[in-house]
Amino acid sequence: MHADFIIRGAEIIDGNGTPRRKGDVAVSDDRIVATGDLGHWTAGREIEAKDRVVAPGFIDPHVHHDAALFTAPDMEFMTNQGVTTVINGNCGFSIAPIRRPENLLGQLRMISARPDLIFPTYAAYRDRIAAEPPAVNAACLIGQSTLRSNAMDDLSRAATDDELADMCALLDEALGQGAIGVSTGPFYPPARASTTAELIALGRVAHAHGKLYVTHMRDEGDRVIEALEETFSVGREACCGVHVSHHKCAGLANHGLSETTLAMIDAEMRQRDVGLDTTPWIASSTILNSGRHRQAERVIIAESEPHPELAGRDLADVARDWNTDLEGAIERLLPATGIFFIMAEEDVQRIMAYEHTMICSDGMPSGSHPHPRVWGTFPRVLGRYVRDVGLFSLEEGVRRMTSMPADRFGLGGRGRIAVGGFADLVIFDPRTIAEGATFENPIRPAHGIDRVFVNGREVFAFGKPTGNRPGRPLHQTAPVRVV
Ligand SMILES: [Zn+2]
């Protein structure tokens, strides 16, 4: 009855959505070894957690920190908010497998501030994570645009049968090496010309491995309904589970449309395996030349390679200073990323409140002025939307950040406080938890997060990373629900 450390007297929220109960959590090595009243147990270290919640570490199912695992291995922007596992390779972009990097130049900004940090196989990426571990665990999807860049000379057209066969073979190899699914991004230029048949072919490969088809859909604005229908058709034709990334209804004309999109998702979910995630913000963030500025009420420059001094400025102000229009300013700022105010609060809340929605940050590495979601997403949900707005209970909020993504992506032993499970844990104060990051000051740690543990080792304590880096590459160890 001896553990490496025991967290004492906490309110335990176990990740299943069931009501909290008071108790202790004992950890030895990388596992939870006991929970409940552990008065008769001793430990090498006692951690007093009275008036605090202990919960499973949060799982962020949608980030673009593929290269940040190596360039910022403390992953403070994740651990400060209680995140202990990330899923990379989203929106069609992954840094493996890349064999012809010249075909993706410029586009790699989505995932890497260091475009040279690329890997010829998923196995090479996975092994590098194991050899040079970051503070958090990481699983990875394989991106459609990345696959296209290997198989095609010209990404502006549909793939030929031979090219598609090459893409499928590469995807098959990567999934066999432990990647957890495929991500498509027909919204983005390198995949915009892809046909629905191409998406279905990739979905079939995912299905053959019992893995998911995850998508940044072709459209999240005026044609979001058609894009949802296309996504559902991929699920039906390929028999694979489909997952809609960062669901939103973008653009003034589409505000309120989430009532319709959620009804469609709900109806499809009764027949097939459909899932979704979302971010708790009315602004999105992506490459500056995405066309999003045409739907936005306001655009902030997040990062510009030729003009780093303009990060944080309003695009409209910069265009005025330069005596040009928005298009002209964007042209001069590229390569660049931006923050786009394109959603309605009402839609953000309706999508988040939907019972099958999980939470993601969609964080991108964006220099000195990123979107505040990079640092503040999870505390914002538990502070603003749980405590202040009352969208759902704290237990339900934690479930959407833990067991729900773990089950969705087949990450066995993660996402719950259970004896025998991995000791990924966060201790927080439910009365003060909140994001510190704002649109004006986006790089600030969250409030109310005391301590964060990954695989039984403390990675973050009272506002600072500890320097421990116990993260691991994760692969699928439990079945995802696939029809
Ligand atoms: Zn995306």
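In this predicted model, P97 sits in the loop that runs between strand 7 and helix 3 (122-131), and the peptide bond leading from A96 into P97 is cis, with omega near -10°. Most peptide bonds are trans, and most residues other than glycine have a negative phi.

**Residues with positive phi**

- H246, although not a glycine, has a positive phi of about 30°, and its position is in the loop between strand 12 (242-244) and helix 9 (258-271).
- H246 counts as buried because 22 C-beta neighbours lie inside 10 Å, where the threshold for that class is 20 or more.
- F462 is likewise not a glycine and has a positive phi, here of about 45°, and this residue is found in the loop between strand 20 and strand 21 (464-465).
- F462 counts as exposed because it has 8 C-beta neighbours inside 10 Å, the limit for that class being 12 or fewer.

- Another open sheet with parallel pairing is built from 6 strands, which follow the order 9-10-11-12-13-17.
- Strand 9 (142-143) and strand 17 (357-359) each have a single partner strand, so one side of each is left without a neighbour in the sheet.
- Strand 10 (residues 181-184) and strand 11 (residues 212-215) run parallel and are joined by 4 bridges, and within this pairing V182 stands opposite Y213 in strand 11.

**The nonpolar core**

- The largest nonpolar core comprises 147 residues, and V25, V54, L171, V182 and Y213 are those with the most contacts inside it.
- When neighbours within four places in sequence are left aside, the contacts of Y213 include G181, V182, G203 and A206, together with V234, G235 and A238.
- Y213 is also in contact with C240, G241, V242 and H243, again leaving aside the neighbours within four places in sequence.

**Domains and the contact between domains 1 and 2**

- The protein chain is divided into domain 1 (2-55 + 417-465), domain 2 (57-291 + 338-409) and domain 3 (292-337).
- The C-alpha centres of domain 1 and domain 2 lie 28 Å apart, and the contact takes 34 residues from domain 1 and 33 residues from domain 2.
- On the side of domain 1 that touches domain 2, the elements giving two or more residues are strand 18 (425-428), strand 19 (449-454) and strand 20 (457-461), with strand 19 giving the most, at 4 residues.
- Sorted by class, that side of domain 1 has 22 nonpolar, 8 polar and 4 charged residues.

Definitions and conventions. Residues numbered from 1 in each chain as written. Predicted model: local features only at pLDDT ≥ 70, side-chain atom pairs only at ≥ 80, totals over all residues. Pairing = 2+ DSSP bridges. Domains from an automatic or database assignment. Contact = placed C-beta atoms within 7 Å. Nonpolar A, V, L, I, M, F, W, Y, C, P; charged D, E, K, R; others polar. Core = buried A, V, L, I, M, F, W, Y, C linked by C-beta atoms within 7 Å.
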